[in-house]
Amino acid sequence: MKDIRSILKERVLVLDGAMGTMLQRYKFTEEDFRGERFKDWPSPLQGNNDLLSLTQPEAIAAVHAKYLEAGADIIETNTFSGTTVAMADYHMEDLVYELNYESARIARKVADEFTAKEPDKPRFVAGSIGPTNKTASMSPDVNDPGFRAVSFDELRIAYKQQVEALVDGGVDLLLVETIFDTLNAKAALFAIEEVKEERKVDVPVMVSGTITDASGRTLSGQTAEAFLISVSHIPILSVGFNCALGASQLVPHLEVLSSKTDFAVSAHPNAGLPNAFGEYDETPEQMAEQIKEYLEKGLVNIVGGCCGTTPEHISAMASLVKGFKPRKSLANSLE
């Protein structure tokens with residue numbers, strides 16, 4: 001299969017949209033989440049979307065297929081919360097390897113089917129690695145600023161288990177995403193480098209942070225440039241931002257990344273900001289119009305969608321990118 005690095009020089013690649021938004025359409029009940037296998041599980045399981053890879057695999061495969069039909073080049077595995085740290089909420093730490101492996105396998109099968117139909121447009125699977133629900137650089141207790149709910153080493157071990165399962169399941173890439181605490185991300189990147197070295201594999205890595213508010217900083221206080229510097233010691237495929245903000249609010253932060261890195265630049269924003277009901281109102285046409293600014297300014301190599309986006313949003317982006325050349329990295333422009 002053609003290497004993704006060479007494809008990135010030829011065209012802008014399209015990442016898929018939100019998994020959670022699509023799964024909400026199924027209106028799965030507690031019983032649906034449990035399936036037969038977990039019907040007697042002692043704690044509530046509704047909301048554990050990663051578990052659906054085991055109990056509703058057809059739905060996960062169908063969502064992947066819809067995004068590929070819409071024109072996505074890269075689909076993400078259903079593993080955003082696939083670490084022992086995050087799965088502790090459901091007392092499912094022992095299932096982490098299986099959850100990641102099966103999620104990767106489902107995505108791999110669907111991607112391969114589409115690649116077989118269109119060999120000149122290979123489809124890639126990115127192993128989704130979320131931030132966990134704990135932060136390594138800040139205290140969750142305002143009265144005890146020195147307290148940490150998780151250590152770097154605990155995160156490293158948890159991420160390593162997730163990465164091994166994703167690689168075993170057949171992913172092409174690893175996507176460390178929605179980074180609100182760069183120390184968590186460093187633990188993930190450290191674990192990835194460990195696995196690559198131990199297994200003698202070269203899996204491209206995408207890194208995507210999240211700017212949490214109008215101050216232009218991550219939750220742990222870094223600006224876009226500081227975030228970039230913090231992860232630039234690792235040989236990554238791309239760096240970018242996702243979630244939190246809508247497409248238009250990301251422009252200045254993408255400009256910073258684009259002007260200061262040789263890595264490819266990615267963006268998969270939300271469909272605008274959530275309304276009073278927590279829903280996303282931005283239409284595919286509105287979002288594509290905003291993404292167009294990224295392309296006109298030559299800021300990005302990879303675009304996609306986060307919260308609130310659907311196959312319709314991805315289809316609009318896939319149509320749009322055909323008319324634009326990918327961003328030239330600093331290294332390319334100096335050649």
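Colleague: Is Thr178 buried or exposed?

Modeller: A word on the source to begin with: this is a predicted model, in which local features need pLDDT of at least 70, side-chain atom pairs count only at pLDDT 80 or more, and totals for chains, interfaces and linings use all residues. Residues are numbered from 1 along each chain as its sequence is written, and side-chain values use heavy atoms, with hydrogens and water left out. Buried means under 20% relative accessible area, exposed over 50% and partly exposed in between, with a 1.4 Å probe and protein chains only. Thr178 has a relative accessible area of 11%, so the residue is buried.

Colleague: Thanks! Where is Thr178, and what is its phi?

Modeller: Helices (H or I, at least four residues) and strands (E, at least two) are DSSP runs, numbered from the N terminus. Thr178 has its place in strand 4, residues 173-179. Although Thr178 is not a glycine, its phi is positive, at about 55°.

Colleague: And Lys27, is that residue buried or exposed?

Modeller: Lys27 sits in the loop between helix 2 and helix 3 (30-34). Lys27 is not a glycine either, yet has a positive phi of about 50°. Its relative accessible area is 68%, so Lys27 is exposed.

Colleague: Which residues does Ser103 contact, beyond its neighbours within four places in sequence?

Modeller: Ser103 belongs to helix 7 (residues 96-117). With 0% relative accessibility, Ser103 counts as buried. Contact means heavy atoms within 4.5 Å. Leaving those neighbours aside, the partners of Ser103 are Asp50, Ser53, Thr77, Asn78 and Thr79.

Colleague: What do the buried residues of helix 13 pack against?

Modeller: Helix 13 covers residues 311-321, and its buried residues are Pro311, His313, Ile314, Met317, Ala318, Leu320 and Val321. They pack against strand 1 (13-14), helix 2 (19-24), helix 5 (57-69), helix 12 (284-296) and strand 8 (302-303).

Colleague: On to the rings: what kind of aromatic pair do Phe152 and Phe190 form?

Modeller: Rings of Phe, Tyr and Trp (its six-membered ring) pair if their centres lie within 6.5 Å; planes under 30 degrees apart count as stacked, over 60 as edge-to-face and the rest as tilted. A search of the whole structure gives six aromatic pairs. For Phe152 and Phe190, the ring centres are 6.1 Å apart and the planes stand at 75°, so the pair is edge-to-face.

Colleague: Which helices does that pair link?

Modeller: Phe152 is partly exposed at 30% relative accessible area, and Phe190 is partly exposed at 44%. The two residues are 38 apart, and their pair links distant parts of the chain: helix 8 (residues 152-169) and helix 9 (residues 182-199).

Colleague: What kind of pair do Phe227 and Phe241 make?

Modeller: Phe227 is buried, with a relative accessible area of 0%, and Phe241 is buried with 0% as well. Their ring centres are 5.7 Å apart with planes at 35°, so the pair is tilted.

Colleague: Last one: what is the radius of gyration of the chain?

Modeller: The radius of gyration is taken over C-alpha atoms, and the globule rule is 2.2 Å times the number of residues to the power 0.38. For 335 residues, a compact globule would come near 20 Å, and the value for the chain agrees with this: 19 Å.
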